[in-house]
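Colleague: Could you walk me through this one? I'd like to learn how to read its main features.

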Amino acid sequence: MIKTDMTIQDYHSDKTIISSTGLKTAKRSTKDFINYVLTDGERKAHFDFGNAFELALMSDEEFQNECAVFVKPDLSKNMNGKENKEAMQALIDTGKYVITQEDKMLIDSMVNSCKADPTIKKLITNVQYQQSLFWTDEETGLKCKTRPDIC
């Protein structure tokens with residue numbers, strides 16, 4: 001089954017269906033797998049960056065809707081400053097992917113580079129992305145899922 005309207009958050013929140021991450025975690029140890037199933041994954045800036053880049057490359061409209069660019073309100077302080085921490089948390093609380101201004105400039109450069117390359121441009125034209133795929137493994141009976149970047 002293919003679901004095109006499922007958000008990535010919904011995809012990751014359903015741990016009753018096994019993904020490659022779940023299988024890799026189970027392979028490490030049962031304890032790690034149980035922890036993986038029972039907890040929400042930790043938010044990681046590099047995942048936000050990667051997801052923001054994918055959206056910027058594939059759909060400017062979705063990038064605008066799903067990403068937020070963090071601007072330090074107090075430039076005299078590092079990220080440990082109270083005002084900067086609160087501003088960052090407020091953006092995270094929106095559920096959007098949060099990137100820095102520097103990340104945004106890098107993503108813009110990467111997108112421009114990809115779109116200028118004829119091979120890459122051909123590979124990302126008329127493709128499907130952000131699709132969740134589900135099936136039941138015939139041998140084990142496990143319900144499985146995957147979400148490839150593009151199809």
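Predicted model: local features only at pLDDT ≥ 70, side-chain atom pairs only at ≥ 80, totals over all residues.

Colleague: Okay, core first. Which residues touch the most other members of the largest nonpolar core?

Modeller: The general idea: in soluble globular proteins, nonpolar side chains tend to be buried together. A nonpolar core here is a set of buried Ala, Val, Leu, Ile, Met, Phe, Trp, Tyr and Cys residues joined through side-chain atoms within 4.5 Å. Buried means under 20% relative accessible area, exposed over 50%, and partly exposed in between, with a 1.4 Å probe and protein chains only. In this case the largest core has 17 residues, and Leu-57, Phe-63 and Ile-107 touch the most other members.

Colleague: Which element gives the largest share of this core?

Modeller: Helix 4, with seven residues. Helix 4 (45–58), strand 3 (97–100) and helix 7 (101–116) each supply at least two. Helices (H or I, at least four residues) and strands (E, at least two) are DSSP runs numbered from the N terminus. Setting aside neighbours within four places in sequence, Leu-57 is in contact (heavy atoms within 4.5 Å) with Val-111, Cys-114, Lys-115 and Ile-124.

Colleague: And the sheet: in what order do the strands run?

Modeller: Two strands pair if DSSP finds at least two bridges between them. Here three strands form an open, antiparallel sheet in the order 1-4-5. Strand 1 (2–3) and strand 5 (143–146) are the edges, each pairing on one side only. Strands 4 and 5 pair over four bridges, and Phe-134 has Lys-145 in strand 5 as its bridge partner.

Colleague: Is Asn-51 buried or exposed?

Modeller: Asn-51 counts as buried because its relative accessibility is 17%. Asn-51 lies in helix 4 and, beyond neighbours within four places in sequence, is in contact with Ile-8 and Tyr-97.

Colleague: Where does Gln-128 lie?

Modeller: Gln-128 is in the loop between helix 8 (118–123) and strand 4 (132–136). At 44% relative accessible area, Gln-128 is partly exposed. Cys-151 is 23 residues apart from Gln-128 along the chain, yet their C-alpha atoms are separated by 5.1 Å.

Terms used
Residues numbered from 1 in each chain as written. Heavy atoms only, no water.
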